Amino acid sequence: MKIIVVGCGKVGSALVEELSEEGHDISVVDMDSMALSDITMNYDVMGVAGNGASSEVLKQAGVEHSDLLIAVTDSDELNLLCCLIGRKLGGCKTIARVRNPEYTNEIDIIKGELGLSMTVNPEYAAAEEAARVLLFPSAVQIEPFAKGKVELVIIQVPKDSIIDGLELFKIHQRTNTDVLVCSVERGDDVFIPDGDFVLHAGDVISIVSSSKNTRNFVNRIGLNSKPVRDVMIIGGGKIAFYLSTMLLDLGIDVKILERKRERCEELCDLLPRAVIIHADAANQNILREEGIETADAFVTLTGMDEENLFLSMFAKSCSKAKLITKVDRIDFDQIIKKMDLGTLIHPKDIAADHIISYVRARQNSIGSNVETVYKVIDDKVEALDFLIKEDSPVSGVPISQLKIKKGVLMACVSRQGEIFIPNGRTVIRPGDSVVIVTNNVGFRSIEDILEPSKIN
């Protein structure tokens with residue numbers, strides 16, 4: 001596809017990286033010539049310096065022959081204007097980043113009137129991910145599929161669990177639950193396991209099933225599936241606002257520590273049910289006075305990655321709270337992960353994943369549409385939700401007769417509201433939603449799971 005990305009900040013850069021890896025023809029527009037130079041040096045893309053709302057600049061970027069324009073500058077209004085002008089000039093599909101909470105209730109009107117194909121809000125998406133984890137604190141990551149009917153949940157196998165030392169084919173019998181272990185991370189290695197794979201304490205595993213089955217499984221292996229009762233949030237920005245609103249509506253107590261008095265006053269008006277503290281969270285005594293040692297969850301959402309990391313490290317040293325740490329810019333994921341700071345939230349990557357799902361769904365695919373794409377286990381594994389069409393090469397054939405590539409697992413099927421784990425006798429039908437987990441990244445169609453020689 002021919003794609004224009006307006007804005008090469010954190011989200012724009014993440015998008016360019018992923019889209020260029022998938023072989024798309026990309027033009028990047030930004031007014032910051034230095035940032036533009038950096039991105040064109042690192043990726044095989046064309047750079048155009050200028051205002052993305054200028055018709056001349058968009059024409060230089062090739063808008064008249066583009067399939068998609070994605071506007072992700074820091075300004076909501078500029079993004080919307082870029083999309084409006086781009087659509088008028090070239091008739092391309094458009095995606096805009098819209099972050100301001102004031103536009104939340106009007107987003108459907110905005111999309112309809114401007115003809116937007118999609119809007120993305122990285123902060124709201126990050127808050128949703130954090131809220132899902134706080135409702136299920138034993139999880140490291142939770143991703144919904146099949147319109148929320150299916151979940152992919154990442155957890156760590158606890159010591160002395162009933163599945164420690166157990167072969168995967170025995171899990172159903174031992175736990176009496178219908179879940180499928182899709183991937184296993186052990187140290188630096190990642191496996192798409194078969195039934196003979198043996199689990200060990202400390203393994204980070206991803207499981208796919210319905211929400212009810214997942215929670216039963218987690219309880220039976222010795223982990224807690226009850227939601228937290230109270231949350232301490234550090235930083236009062238957009239993510240904190242969205243997250244607090246979600247948690248308060250669920251009856252969870254929220255306390256926010258914010259160092260700027262003006263923002264504290266705003267939050268008091270916006271979140272009358274939350275406790276807002278004007279304080280510098282870098283002061284350990286203040287954190288202890290406000291109850292960090294007894295909090296169920298501790299979420300760091302300041303604008304500085306380093307501060308978030310250090311605060312989470314302190315919370316880990318003095319409490320048993322569920323930790324969620326926002327990381328925006330630091331690229332040392334492997335080092336950070338070894339700190340064991342709970343769930344890491346990357347807003348730019350969450351937003352990029354949503355857009356990548358749309359891009360793959362728009363491409364010409366045989367027999368399916370990509371409904372959802374999630375990258376898990378340090379981007380080494382992808383979990384994809386395919387909606388099966390009438391002409392699908394996997395439809396009407398028992399799974400055992402399909403020549404499926406190595407490193408591909410057909411994890412779950414949603415059919416007319418019923419969720420089940422497929423076996424070799426299962427026949428996929430048109431209309432099914434099928435979750436695929438694989439370490440072969442970049443799948444665009446369900447046909448990509450098959451060996452090329454077997455595709456008609």
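**Sheet and nonpolar cores**

In the predicted model, I4 stands opposite S27 in β2. Strand β1, residues 2-6, and strand β2, residues 25-30, are paired in the parallel sense over five bridges. Both strands belong to an open sheet of six strands, ordered β3-β2-β1-β4-β5-β6, in which the pairing is parallel. At the edges of this sheet are β3 (46-49) and β6 (118-120), each of which pairs on one side only. From one strand to the next, the twist averages 15°.

The largest nonpolar core holds 32 residues, of which L134, V231, I233, L243, L247 and V299 touch the most other members. Two or more residues of this core are given by each of the elements α6 (122-134), β12 (230-234), α9 (238-249), β13 (253-258), α10 (261-270) and β15 (297-300). Helix α9 supplies the largest share, eight residues. Leaving aside residues up to four places away in sequence, I233 touches A240, L243, S244, V254, K255, I256, L257, V299 and L301. Another core, of 25 residues, lies apart from the largest one; among its residues are L36, L68, A351 and I356.

A130 is located in helix α6. With a relative accessible area of 3%, A130 falls under the 20% limit and is therefore buried. Its contacts, not counting residues up to four places away in sequence, are L243, I324 and I345. A130 and F420 are 290 residues apart along the chain, and a distance of 27 Å separates their C-alpha atoms.

Conventions
Residues are numbered from 1 along each chain as its sequence is written. This is a predicted model: local features need pLDDT of at least 70, side-chain atom pairs count only at pLDDT 80 or more; totals for chains, interfaces and linings use all residues. Side-chain values use heavy atoms; hydrogens and water are left out. A nonpolar core is a set of buried Ala, Val, Leu, Ile, Met, Phe, Trp, Tyr and Cys residues joined through side-chain atoms within 4.5 Å. Buried means under 20% relative accessible area, exposed over 50%, partly exposed in between (1.4 Å probe, protein chains only). Helices (H or I, at least four residues) and strands (E, at least two) are DSSP runs, numbered from the N terminus. Contact means heavy atoms within 4.5 Å. Two strands pair if DSSP finds at least two bridges between them. Axes are lines fitted to C-alpha atoms, for helices over the stretch in contact, and angles run from 0 to 180 degrees between N-to-C directions.
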